[in-house]
Amino acid sequence: MTIKILAFDGSGRAGSVNHKVVQQVSHAVKAVDVTVTEINLHDFNLPLYDLADEIEHGLPDNVKKLKELFRSHHAFIIGSPEHNGTMTAQLKNAIDWVSRKEEHETPMSGFKGKVVGLVSASPGKMGGLRGIYQLNTVLFGLGCIVLPEIVSVGFSNDAFDDVGALKHEHDKKAVAHLATRLAKVTTAVNG
């Protein structure tokens with residue numbers, strides 16, 4: 001069986017530092033023979049989640065497309081920018097939409113049993129860890145298997161070279177370690 005990993009970040013900006021870290025882990029995990037699908041949440045143009053609107057109109061088509069991507073992958077690489085000590089509104093909104101159950105599916109089918117590797121980057125020394133901890137709590141509550149290995153790139157303004165690759169050896173090692181663990185755990189969970 002080919003392991004499929006969905007990779008995205010909560011920024012939506014293609015040049016964001018969190019997008020760059022997600023790409024680094026994606027490239028590293030591809031080297032251990034898994035399939036990675038990189039998406040940009042911004043491309044789905046998700047409305048703000050509203051239960052009353054969902055009851056009246058059902059799930060928008062773009063939400064259904066995103067839900068199918070979550071359901072059809074075994075694991076996720078998620079980059080979480082930190083906004084005011086937590087994940088971005090865009091990322092939380094996507095999670096809220098994907099968590100909504102349709103008649104033909106089991107509850108939380110986009111999350112239960114999915115292995116997750118979390119990454120973050122920020123200009124500060126903590127590298128976005130406060131947002132990662134909040135995201136970890138949400139994903140754990142949805143039934144994900146969140147790996148304890150977290151890639152957190154601090155002082156991100158000086159962490160990447162001109163082509164978007166990480167410059168510092170400790171960051172490169174963290175990325176390689178997360179990629180290896182993500183592939184191994186996902187393979188073990190999915191037999």
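**Notes on the predicted chain**

1. Overall size first: a compact globule of 191 residues would have a radius of gyration near 16 Å, and the chain agrees, with 16 Å. That radius is taken over C-alpha atoms, and the globule rule is 2.2 Å times the number of residues to the power 0.38. The C-alpha trace spans about 50 × 40 × 25 Å along its principal axes.

2. Some ground rules: this is a predicted model, where local features need pLDDT of at least 70 and side-chain atom pairs count only at pLDDT 80 or more, while totals for chains, interfaces and linings use all residues. Numbering runs from 1 along each chain as its sequence is written, and side-chain values use heavy atoms, leaving out hydrogens and water.

3. On to the fold: you get six helices and five strands, in the order β-α-β-α-α-β-α-β-α-β-α along the sequence. These are DSSP runs numbered from the N terminus (helices H or I, at least four residues; strands E, at least two).

4. Among contacts (heavy atoms within 4.5 Å) with a separation of 6 or more, 78% come from residues 24 or more positions apart.

5. Pro148 is exposed, since its relative accessible area is 65%. From Asn93, Pro148 is 55 residues away in sequence and 24 Å away in space, C-alpha to C-alpha.

Terms used. Buried < 20%, exposed > 50% of the residue type's maximum accessible area, 1.4 Å probe, protein only.
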